Amino acid sequence: MIILGVILLIVGFLFGIQILWTIGIVVLIIGLVLLLLGSMGRAVGGRRHYY
């Protein structure tokens, strides 16, 4: 999700599409939260590690 968020941010910035920029930020933040929860050892979505 982090990679997808970064790709959406780049595409949204290059083409000037505001909705892609917003979705990219949201997806990036969700990916970072899931990564943080997974690295603390908390099971997220049935997985102990979330990559």
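The model is predicted, with local features requiring pLDDT of at least 70 and side-chain atom pairs counted only at pLDDT 80 or more, whereas totals for chains, interfaces and linings use all residues. Residues are numbered from 1 along each chain as its sequence is written, and side-chain values use heavy atoms, with hydrogens and water left out.

The protein chain contains 2 helices and 0 strands, where helices (H or I, at least four residues) and strands (E, at least two) are DSSP runs numbered from the N terminus. Of the 51 residues in the protein chain, 22% are buried; buried means under 20% relative accessible area, exposed over 50%, and partly exposed in between, with a 1.4 Å probe and protein chains only.

Two packed helices are described by the angle between their axes and the distance between the axes. Helix α1 (residues 2–15) packs with α2 at an angle of about 160 degrees, and their axes lie 7 Å apart; axes are lines fitted to C-alpha atoms, for helices over the stretch in contact, with angles running from 0 to 180 degrees between N-to-C directions. The two helices, α1 and α2, are therefore roughly antiparallel to each other, a term that applies to angles over 145 degrees, while those under 35 count as roughly parallel, 65 to 115 as roughly perpendicular and the rest as oblique. Residues that make the contact include Leu 8, Val 11 and Phe 13 of α1 together with Leu 20, Trp 21 and Gly 24 of α2, contact meaning heavy atoms within 4.5 Å.

Val 11 has its place in helix α1 and is partly exposed, its relative accessible area being 29%. Apart from neighbours within four places in sequence, Val 11 is in contact with Gly 16 and Leu 20. Between the C-alpha atoms of Val 11 and Gly 24, which are 13 residues apart in sequence, the distance is 9.1 Å.

Ile 19 is found in helix α2 (residues 18–39), and because its relative accessibility is 55%, Ile 19 counts as exposed. The C-alpha atom of Ile 19 is separated by 9.5 Å from that of Leu 8, a residue 11 residues apart from Ile 19 along the chain.
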